[in-house]
Amino acid sequence: MAVLVSAHQLTKSFAARPLFSGVTFAVESGDRIGLIGPNGAGKSTLLGILASRSSPDAGTVSFERGLRVGFLEQVPRFDGNATILSSILEGADSNLDHWDAVARANELISKFELDSFDAEERVARLSGGWQKRVALARELIKNPDLLLLDEPTNHLDVESIVWLENLIVQAPFATITITHDRVFLQRVSNRILELDPRHEGGLLNIRGDYAAYVGIREQMINAQERREVILKNTLRRETEWLRQGAKARTTKQQARIQRAGDLKEEVADLTTRNQDRRVKIDFQAAEKNPKKLIEAEGIAKRYGSQTIFSELDLLLTPGTRLGLLGRNGSGKSTLIRVLLGQEEPSQGTIRRSEHLSVAYFDQTRQALNPEITVAKTICPSGETVQYRGSQMHIRGYLDRFLFTQGQMDMAVGRLSGGEQSRLLIAKLMLTEANVLVLDEPTNDLDIATLSILEDCLTNFDGAVILVSHDRYFLDQVANKIIAFPSSAPPESAGQVKLVTFADLGQWEAWESRRKVDAKNARDKSGGKADGNTPPAVGAKKRKLTFKEQRELELMESTIHSAEEKLASLIKESSAPESIKAPLLLAQLTKQMAETQSEIERLYARWAELDSLRASSGL
């Protein structure tokens, strides 16, 4: 494979704070790189360097001659009056004939399902998800050899995320994607780069998907921690020898003295790298936690002739972990406001406990004032906060959320997105509640913090209402999922019934069948998708062929065999003899990645065949 980019010994600091140092890696054609790491490690800064938006303090970046690089920023920027068409054309090569550029732009508009809007529609009037599609089309009209994506799944609904997954998997160009969406990483990545000072050289480079990375990283961290223990014991013995007296300091022993000095430096380096500081999250449950917190019977919500939802029965009790799924703007936030009493239902009744107390995480972070300091956000007056019945100094409390002393007097607006999310959680933890409402809490949080937040919500004594497009996070936390359909069927007569699922797997199977049914209905009517539902081209309704029927019957056993093979490879890669043989471990890792990709393909094919079978009435 051709080397597209070579980065050597990159170092970068922000103000007085070092972000990364001595980072070296290469990007090859065919790479689908997932770039991960803790908040504040410098991932976006590194991507900006690769996009030639900024320069490293030290080190070099070499590009293949004529390399075309596309860069999708975390928050795309557009001119105030830019239209869909004009925005996409901004990325076109200036040497390209205008009409060829327009033809290419229209092709992308169709491919990205933007043709449900007028091409002259102002981008500012589109939702965040559709704006990201426009921004992505603006980069792809460049025909890039390498596409850089910074948190592309933030603020996208699940359907848009799946669309983006398919686009990246089928793309002819290399990609580097910053994301903390673990399902997304698993499905699109064939290589993981983790930017983290815990690793030697500040970077961990794993060939394989996210599952392979998790296994190998654990082995490497464990080995690194064991090495620290061994070297500390060796250093202790050497130190004792040096303290024996003058005979230990003869010229003959100078090499041993030097070796002890080198050993001390290595132990210090390992000790620093093995520090694993993590956020400490623990929401306070209210003292009174009634058996029925919120009970809704037959509720509906309408705005004029538009029905948001109807005929919904719902009971929230301690232990309920309710996940809400649906397109952006489908009504998830409206349902939450109705349940909490911020809006009245158009129909039905809601009973709320007199002891109901709510803590609300708002994805817009309106509870944070960007002008005031981090310390004043948590403690407007004085230097202590009340947490779990005790007084705690503000510095000790914010240390739980990895804020340094230097950040105490920093304005909130200067914090990164992940740091602002951590600060909002810190503020929320000071409130006693028996219902936690979290609206997109996963945006910008790193994977380690997401894992801690998952455990905290799972163990919370009250109820949780969770809106998230992070499928892994949602599946780990929720024990009930309510899905908002993308559009109501024609025969619904103004009724929009929400569908309840036990887990994400049930929803994915239902969503797959629903899409096939919707495509078949459009094909049959010859109609065009409305403005709320992206148009899609689908095959006409047909029955399974004999070969497909046979493939479907054998699919379960085929998947079972592939999963057994993966389990065997994982076991073999964990054996001591494999860990000690880098070449063998690399080969096993590649086989694990290929097998995992095959399993993902089989599951997708299974869903496709099952949907065809269901739609044909078999």
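Modeller: Two strands count as paired if DSSP finds at least two bridges between them. The model discussed here is predicted.

Colleague: In β7, which residue is the bridge partner of Gly-34?
Modeller: Strand β3 (residues 32-36) and β7 run parallel, and four bridges join them. The pair meets the requirement of at least two bridges, and within β7 the partner of Gly-34 is Thr-177.

Colleague: In what order do the six strands of the open sheet lie?
Modeller: The pairing in this open sheet is mixed, and the twist from one strand to the next averages 15 degrees. Its edge strands, each pairing on one side only, are β5 (69-72) and β9 (203-207). Read across the sheet, the order is β5-β6-β7-β3-β8-β9.

Colleague: Which strands of that sheet does α4 touch?
Modeller: Helix α4 packs on the sheet, and its direction makes about 170 degrees with that of β5. An angle over 145 degrees counts as roughly antiparallel. The strands touched by α4 are β5 and β6 (146-150).

Colleague: Are α4 and α5 roughly parallel or roughly antiparallel?
Modeller: The axes of α4 (residues 128-140) and α5 (residues 158-169) come within 13 Å of each other and cross at roughly 15 degrees. Angles under 35 degrees fall in the parallel class, so the arrangement of α4 and α5 is roughly parallel.

Colleague: What is the handedness of the crossing in which α4 passes α5, and which residues of α5 meet α4?
Modeller: The crossing of α4 with α5 is left-handed. From α4, the residues in contact are Arg-133, Leu-136 and Leu-140. By class, the contact holds five nonpolar residues, one polar and one charged. The α5 residues are Ser-160, Trp-163, Leu-164 and Leu-167.

Colleague: Which are the edge strands of the open sheet of three strands?
Modeller: The three strands lie in the order β2-β1-β4 with antiparallel pairing, and neighbours are turned by 15 degrees against each other on average, direction ignored. An edge strand here pairs on one side only, as do β2 (17-28) and β4 (58-63).

Colleague: Which residue in β4 does His-8 stand opposite?
Modeller: Strand β1 (residues 3-14) pairs with β4 in the antiparallel sense over five bridges. Helix α1 (residues 43-50) packs on this sheet, touching β1, β2 and β4. Opposite His-8, the β4 residue is Thr-60.

Colleague: In β20, which residue is the bridge partner of Ile-481?
Modeller: Strand β19 (residues 480-483) pairs in the parallel sense with β12 (residues 321-325) over four bridges, and Leu-325 stands opposite Ala-483. With β20 (residues 499-501), β19 runs antiparallel, joined by three bridges. The partner of Ile-481 in β20 is Phe-501.

Colleague: Where in the chain is confidence lowest, and where is it highest?
Modeller: The chain averages a pLDDT of 82, and 84% of the residues score at least 70. Helix α8 (residues 254-273) has the lowest confidence, at a mean of 66. At 96, the highest belongs to strand β7 (residues 174-178).

Colleague: Over residues 528-541, how many contacts beyond four places in sequence does the model have?
Modeller: Across residues 528-541 the pLDDT stays under 50. For this stretch, the number of contacts beyond four places in sequence is 28.

Methods
Residues are numbered from 1 along each chain as its sequence is written. This is a predicted model: local features need pLDDT of at least 70, side-chain atom pairs count only at pLDDT 80 or more; totals for chains, interfaces and linings use all residues. Side-chain values use heavy atoms; hydrogens and water are left out. Axes are lines fitted to C-alpha atoms, for helices over the stretch in contact, and angles run from 0 to 180 degrees between N-to-C directions. Helices (H or I, at least four residues) and strands (E, at least two) are DSSP runs, numbered from the N terminus. Angles under 35 degrees count as roughly parallel, over 145 as roughly antiparallel, 65 to 115 as roughly perpendicular and the rest as oblique. A crossing is left-handed if the near helix is turned anticlockwise from the far one by less than a right angle, and right-handed if clockwise. Contact means heavy atoms within 4.5 Å. Ala, Val, Leu, Ile, Met, Phe, Trp, Tyr, Cys and Pro count as nonpolar, Asp, Glu, Lys and Arg as charged, and the others, Gly among them, as polar. pLDDT is the predictor's confidence in each residue, from 0 to 100.
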